[in-house]
Amino acid sequence: MEILINNSNAKNHFQDTKSSESKVMQDNEQKFRSLKGSLHVPGDKSITHRSYILGSVVPGVVKIKGRALGEDCEATLECLKAMGAEGSSNSEDEDYEITSHSLYEPSEVLDAGNSGTTARLLLGLISGLNLFACITGDDSLKKRPMDRVISPLAKLGKDIRARQNNSKLPAAIIPVEMQNQSTTVKSISKSTPTIKTQVSSAQVKSALLLASLKTDGINVIESQQTRDHTERMLSFMGFSVLENVMQNEHEPESDQNVHQITLPGGQLSKLKPRDYVLDIPGDLSSAAFLITAALLVPGSQVKLLNCGLNPTRTGFVKILQQLGARITITNNTTLAAEPRGDINVEYSPCLQGFQLGKNLVPDTIDELPLLAVIAVLSHGTTKVSGAEELRYKESDRISAITQELTKLGADITETQDGFIVNGPTQLTGNVVDSHGDHRIAMALTVAALTAQGKTIIKNSDCINISYPGFIQDLTKLGAIIEQH
Ligand SMILES: O=C(O)C1=C[C@@H](OP(=O)(O)O)[C@@H](O)[C@H](O)C1
Ligand SMILES: C=C(OP(=O)(O)O)C(=O)O
């Protein structure tokens, strides 16, 4: 599919004037179509994955309300169904009820599709259940690193064999009774094991927690806190999960603390059957595309209802608020252990460039391509560093966003661990490509809404991975977008 956005009549965002600033917004002269209105974005993808996974193992009935319907979460559900999970949806499809909870060895290879979260969390869960299974994925997922979960799981005694020296899918999970005594898997002692993660990744942390649900529990230590949806859902479902912030013993001088999560062992078998209602908030990472569009397209005013505001996910909003973006939050509340609220956004001209380093990367990881778009239209220099993780996503996102924004006229340079942008630049329409990556396709669509002339975004079916209604939602807010 191709997306076409035509702003042929729109005037330059940044007219040269003789004022001291030399480039000043001329709001009333623009003919870009402003975005107006309010809507619900789709349910949170990370929380939906976890609701299917934990819903498939805890006793009782798990009612999931407002789930994400994108292809990534469907991949998780299909894998779990292949292992015996049973459920049904309501007529709108957004609610789902899981009723069966004894997973068994799947008779087919499990296909995680394009979804890193599916593959990594299921490697953890299935090895913890001590079942044999093989997991594969699409061409993009088969290139992404799996050793980040396979190696720490091996320290817990889990035997997973994978292509390219145990680093790439397909992978096979070998239950204990099939393990050859000569393998390098450690036999671990009966006390609660402690694992320090080598990459700041919620997927790695979650794989370890899921692998430990039935066994002796675990202490996971991360040097930077990552999104904590698994911990919150476990607590909500009645597990005891302890969190502790500690000084980094290897760097006592550093003011960066480490984060420890303790899941005491043997809890799953003690849970009493119960009815759970998991009310899933809107996905802030999906909302971020609409937030960015409203900030950058002159005259826009948009309200996004019931968005997730988990503090481990709100880095994007906080940074923009600090830069003076007109974003306010109303109707704050917490349901099913996840904070949420309405996000009100107004067109915000004259944003300033910014510096973003490693400490802010976990909180903003999926929004960094969008921050590149914002930086292009902001005044001054922006530098994003410490973000090499972006190279291991559905595409190499540092390289993809740099290449494609350059085609639209941006002054953006790729660095080894991020990018440098000099702004502001009035973008000009061109033919760009998503690199098969949903977040790049959507970030380019938002950039195209601000570009003079005609932009075509090729290869954009991938939007269905996380936000199938994205173009429809932009259209509801007033954008004119063609799809071919
Ligand atoms: O745990 C999750 O649901 C996710 C964690 C992040 O990945 P990493 O764990 O690789 O940082 C994020 O980029 C991904 O979109 C979803
Ligand atoms: C990186 C992402 O997801 P995953 O790792 O689950 O493929 C994403 O949605 O941006």
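Q: In this predicted model, what makes Leu-35, Ser-300, Val-302, Val-345, Glu-346 and Tyr-347 contacts of Ala-294?
A: Two residues are in contact if their C-beta atoms, placed from the backbone, lie within 7 Å. Leaving aside neighbours within four places in sequence, Ala-294 is in contact with Leu-35, Ser-300, Val-302, Val-345, Glu-346 and Tyr-347, so each of these pairs meets that cut-off.

Q: Which residues touch the most other members of the largest nonpolar core?
A: Ala-294 is one of them, along with Ala-293, Ala-372, Val-376 and Ala-447, in a core of 76 residues. Helix α8, residues 284-296, gives the most to this core, with 10 residues. A second, separate core has 60 residues, including Leu-54, Val-57, Cys-73 and Leu-263.

Q: Why is α8 called mostly covered?
A: A residue is buried if 20 or more other C-beta atoms lie within 10 Å of its own. In α8, 13 of 13 residues are buried, so each of them meets that count.

Q: How do you know that the span of α8 is close to the expected one?
A: The expected span is 1.5 Å times one less than the number of residues. For the 13 residues of α8 this gives 18 Å, and the helix reaches 18 Å from its first C-alpha to its last.

Notes: Residues are numbered from 1 along each chain as its sequence is written. Chains are lettered from A and ligands numbered from 1 in the order in which they are written. This is a predicted model: local features need pLDDT of at least 70, side-chain atom pairs count only at pLDDT 80 or more; totals for chains, interfaces and linings use all residues. A nonpolar core is a set of buried Ala, Val, Leu, Ile, Met, Phe, Trp, Tyr and Cys residues joined through C-beta atoms within 7 Å. A residue is buried if 20 or more other C-beta atoms lie within 10 Å of its own, exposed if 12 or fewer, and partly exposed in between; C-beta atoms are placed from the backbone. Helices (H or I, at least four residues) and strands (E, at least two) are DSSP runs, numbered from the N terminus.
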